[in-house]
Structures are given as C-alpha cells and as structure tokens.
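Reader: I would like to learn how to read cavities and ligand contacts in a model. Where do we start?

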Amino acid sequence: MSEEKVTTDIITLTRHVLDEQRRHKEASGDLTLLLNAVQLGCKFVATNVRKARLLNLVGLAGGAVNISGDEQKKLDVISNEIFINALRSSGKVAVMVSEEDDEAIIVEDEMKGKYCVVFDPLDGSSNIDAGVNVGTIFGIYKIKDGSNGTISDVLRPGREMVVAGYCMYGSSANMVISVGNGVDGYTLDNAIGEFILTHPNIKIPTRGKIYSVNEGNAKYWDESCTEYFNSLKFPPEGKNPYSARYIGSMVADVHRTLLYGGIFAYPADKKSKNGKLRMLYECFPMAFLTEQAGGRAITGKERVLDITPQKIHDRCPIFLGSKDDVEDIENIYKKQC
Ligand code: P6P
C-alpha cells in the first residue's frame with residue numbers, strides 16, 4: 001500500500017511574504033513585520049468569531065454587562081480594538097483608518113512607522129447572527145516621501161496601495177492578499193496557527209455566469225444599471241441567463257466572484273448617489289485584488305482605483321469581476337454619456 005506523502009515543506013504567509021521581500025533588495029523588512037501584525041489581528045478575530053455564539057458575543061448592544069460587571073462589547077468593536085492594538089504595537093504604522101472610528105488615528109511619534117492601514121475590522125458583522133461568512137478587509141499605503149504620517153497619506157487613489165487583502169471567517173479562516181504581484185489565498189491551520197498557501201496565483205475567469213447585486217434596490221437603479229442586469233436575466237435566444245447569488249456580505253460575495261467569475265455590484269442609485277460601500281476600506285482593496293487577479297473594477301464610468309477620496313469614509317459605486325463582464329457594463333454606461 002502506497003504511503004500517504006506527508007507535506008514537510010509548507011508555505012506559510014510569513015514565508016511567502018519573506019520570499020517576496022527578498023525579491024526587493026532594498027526592502028527593510030518593515031512590511032513583512034506589518035503583515036505579521038495583520039495576521040495576528042485576523043487570527044485573533046477568527047477565534048472570537050468562531051466562539052461568538054458560544055460566548056454570546058453576537059448582537060450585543062452597549063449596556064449589556066458580563067459576569068464581572070464589565071460592559072460587554074459587540075464583536076465588531078472588539079475586532080476593531082484587536083486590530084488597532086496589533087497595528088500600533090508593530091511600530092510600522094503611522095496612520096490608521098477604521099470603519100469603526102469617525103476620525104483617522106495618527107500613531108504617537110515613538111510608535112510611528114512608514115505605513116498607513118485602512119480597514120474594516122469585521123465587514124458584514126450584522127450577518128453573524130445568521131452564521132453568514134464575515135470578514136476583515138484591509139489596504140496599505142506607504143506614507144508619501146517627506147511625510148510624517150498625516151491624513152493626506154490616505155486620501156490617495158487606490159492604485160497607490162502597496163498591499164490589499166481580506167480575511168474571510170467561515171468554516172475556516174481564508175486570507176486572500178496581494179502585495180502587487182498577483183493574488184494568493186491562504187487557509188488558517190488552527191493546529192499550528194499559520195496561514196498556509198492553499199490558493200496560489202488566483203486568476204478570475206475572463207467571463208462568468210453569476211451576477212451578485214441587491215435586487216431589492218432595483219426600483220432606484222439608473223437606466224444603464226437596469227439595462228445591464230436585464231441583459232443577464234433575459235438574454236437573447238440561444239444564450240442562458242446568468243445565475244443570481246447575493247450573500248450580502250462583501251467579503252463572501254467578492255471571494256466567490258474571484259474564484260468563479262461573474263460580477264459583483266453595489267451601484268449608485270436614486271437612494272444612494274454614491275452607492276453604499278466605502279471607498280478606502282471596502283472598494284479600493286477589493287478593486288486592487290480583482291485587478292491583480294486579472295479582472296476589473298469600475299464605478300460604471302471610471303476605474304475605481306483612479307478615484308481620490310475627499311474624506312476617509314467616502315463611498316463609491318462599484319461593479320467588479322470578470323474582465324469581459326465589466327466591459328459589458330462599461331459599454332452600456334458609455335451609451336448613456
Ligand atoms: P445591502 C455589509 O453590511 C455590507 O457593508 C457589505 O459587506 C455588503 O456587501 C453590503 O453591506 C450589503 O448591503 O444593502 O445589500 O444589505
């Protein structure tokens with residue numbers, strides 16, 4: 001009987017990032033250490049999400065107190081604190097922007113580093129009670145030459161990011177990340193506490209068969225958006241309609257789109273003129289990953305990564321996914337101009 005081959009040469013995220021660091025002779029290793037802090041945050045959040053229902057952490061509003069009388073916090077607040085502490089203590093971060101904090105966090109000088117991290121610590125957290133996959137989304141800028149780390153270092157187009165990624169918390173924790181040289185996926189091995197390379201060099205199919213959008217907003221869509229989705233649902237004779245898949249958790253919907261192809265969208269509409277999703281820590285990282293995987297991401301009229309945010313919580317419309325599917329939308333919007 002053939003012996004099962006035991007893998008003794010596992011590629012962890014840390015090793016993969018170190019390999020990438022060696023490709024850049026001038027690299028200081030700071031980004032590697034920063035990504036270790038991001039990994040710590042994701043591992044910590046993963047274990048809390050997994051225990052959430054057992055520890056009754058889900059859905060708690062302020063005011064609830066635990067057995068020791070401490071005010072219990074909702075999971076997304078706890079996740080936010082986990083990331084802020086992990087990033088600050090790395091000593092590699094100058095500016096942080098979190099979905100959970102109204103203002104940007106400027107790290108004190110003695111702990112300040114060369115990078116800015118924008119993140120949604122627990123995107124889709126309202127779905128946790130239903131057991132739906134949720135996730136952390138993050139993007140990293142290097143501070144501008146001569147800057148000491150101010151808000152202007154994050155009010156920049158998404159194309160200037162050096163790292164983008166998400167960690168999806170479900171049956172396992174899946175980290176999908178790009179340092180600007182393609183996209184790789186890792187799965188957390190809880191036994192050794194390491195993210196193991198399981199999806200090397202993710203490439204999105206050039207065209208898919210799935211569309212993912214909240215059709216509950218259809219009455220508010222503009223004409224081009226309506227025309228586009230109708231073209232998928234009622235195609236010409238001889239062509240099959242696309243399938244509809246919408247989870248309502250961006251990390252889960254984008255993860256499926258990257259692996260299976262098709263389109264994910266949160267369009268602008270009459271109710272939300274810039275859509276719902278936040279530019280800095282939802283649209284930019286997901287657009288960066290999609291482009292690095294061979295896909296595209298547009299607002300309908302322009303490349304998402306070319307937009308410059310005016311404020312840290314600005315929103316923007318987004319259609320992201322397979323190259324050919326995004327081109328179809330772009331052509332419909334061009335007719336509108
Ligand atoms: P809607 C979750 O609240 C979120 O921010 C994203 O994860 C998700 O894509 C979107 O909102 C869902 O919004 O309006 O369809 O429920």
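Author: Start with the term cavity: on a 1 Å grid over the protein atoms alone, a cavity is a set of points where a 1.4 Å probe fits but cannot get out, and lining residues have an atom within 4 Å of a point. Grid points are joined across faces, edges and corners, and a volume is the space filled by probe spheres set on the points. Here one cavity of 30 Å³ or more is present, and the largest cavity holds about 40 Å³ of space. This is a predicted model, where local features need pLDDT of at least 70, side-chain atom pairs count only at pLDDT 80 or more, and totals for chains, interfaces and linings use all residues. Residues are numbered from 1 along each chain as its sequence is written, and side-chain values use heavy atoms, with hydrogens and water left out.

Reader: Which residues line the largest cavity?

Author: The lining consists of Ala 46, Val 49, Arg 50, Tyr 169, Gly 170, Ser 172 and Ala 173. Helix α2 (residues 30-51) gives the largest share, three residues; helices are DSSP runs of H or I with at least four residues, numbered from the N terminus.

Reader: Which residues surround the ligand?

Author: A residue is near a molecule if one of its heavy atoms lies within 4 Å of it. Around the ligand are Asp 123, Gly 124, Asn 214, Tyr 246, Gly 248, Ser 249, Met 250, Tyr 266, Lys 276, Leu 277 and Glu 282.

Reader: Which side chains have a polar atom by a ligand oxygen?

Author: A polar contact is a pair of N or O atoms within 3.5 Å. An N or O atom in the side chain of Asn 214 is 2.9 Å from a ligand oxygen. For Tyr 266, the distance from a polar side-chain atom to a ligand oxygen is 2.6 Å, and for Glu 282 it is 3.4 Å. The protein covers 79% of the 400 Å² of accessible area that the ligand has on its own, by the Shrake-Rupley method with a 1.4 Å probe.

Note on methods. 1 Å grid on protein atoms, 1.4 Å probe; cavity = no way out; pocket = protein on both sides within 12 Å on 5 of 7 lines; lining within 4 Å. Helix = DSSP H or I, 4+ residues; strand = E, 2+ residues; numbered from the N terminus. Polar contact = N/O pair within 3.5 Å; in protein donor to acceptor, adjacent residues only side chain to side chain.
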